[in-house]
Amino acid sequence: MLVAFRGRCKFRVYIPKKPRKYGIKIMALDDAKTHYLLNGYIYSGKDSDGKTLSEAENNFRKPTQSVLHLSRPINHTHRNITADNWFSSIELSMELQNRGLTYVGTLRKNQRDIPIEFLPSRKKEEMSANYEFTNDLTLVAFVPKKNNAVLLVSSMHHTKSTDPVSKKPEII
């Protein structure tokens, strides 16, 4: 989240797509049902959460490190974490599963782990979905419009279930 702030501060950030473009960025883990803040920290630069990470966690990408840092209080509670494509990766899904949590999120199309069949193509029909399963993860490429694809990863869903009304995969 971005808390609007125009004053002088070393860790004030600029995010052009936000309604208030300048402010203090807070990385937060919130409960979806109660809307309570479970954990959070002020983002003060590239290594703002690096002091509390273990040696093994320092080998992950920065967004993965952020989620691992925030999810520490709820490890091994069998809860689900949902995040957007900046945080999502296959490595994060696997690591959270090792910590007793499930994960659902959208993926960016330029990640190395994504098979070529899941990328957007003109040949794919609208409202179609391509599923790929492993023992632990489900990868879905949903085509809402021609030449467009939404990529999703889940360690919580393990079937090809779609909503009969909207024709969208259950993961969405």
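Author: A residue is called buried when its relative accessible area is under 20%, exposed when it is over 50%, and partly exposed in between, using a 1.4 Å probe and counting protein chains only. The model is a predicted one, in which local features need a pLDDT of at least 70 and side-chain atom pairs count only at pLDDT 80 or more, while totals for chains, interfaces and linings use all residues. Residues are numbered from 1 along each chain as its sequence is written, and side-chain values use heavy atoms, with hydrogens and water left out.

The part to look at is helix α2, which covers residues 90-98; helices (H or I, at least four residues) and strands (E, at least two) are DSSP runs, numbered from the N terminus. The chain contains 2 helices and 9 strands, and along the sequence they come in the order β-β-β-β-α-β-α-β-β-β-β.

Let us begin with S93, a residue of helix α2. Its relative accessibility is 0%, so S93 counts as buried. If contact is taken to mean heavy atoms within 4.5 Å, then S93 touches Y103, L137 and V153, once residues up to four places away in sequence are set aside. The side chain of S93 also reaches the backbone oxygen of S89, at 3.1 Å. That distance falls under the idea of a polar contact, a pair of N or O atoms within 3.5 Å; within protein, one atom must be able to donate a hydrogen and the other to accept it, and residues adjacent in sequence count only if both atoms are side-chain atoms.

A salt bridge here is a side-chain nitrogen of Lys or Arg within 4 Å of a carboxyl oxygen of Asp or Glu. E91 is partly exposed, because its relative accessibility is 28%, and R61 is partly exposed too, at 35%.

A search of the whole structure finds 2 salt bridges, and the side chains of E95 and R99 form one of them, at 3.0 Å from N to O. Here E95 is buried, with a relative accessible area of 17%, and R99 is also buried, at 13%.

Helix α2 is also one of the elements that the buried residues of α1 pack against, together with β3 (22-30) and β4. Of the 9 residues of α1, 8 are buried, so this helix is largely enclosed by the rest of the structure. Among those buried residues are P63, V67 and L70.

With a relative accessibility of 64%, K46 counts as exposed.

Seen as a whole, the chain has 172 residues, of which 34% are buried, and its C-alpha atoms fill a box of roughly 50 × 35 × 35 Å along the principal axes. Among contacts between residues at least 6 apart in sequence, 37% join residues at least 24 apart.
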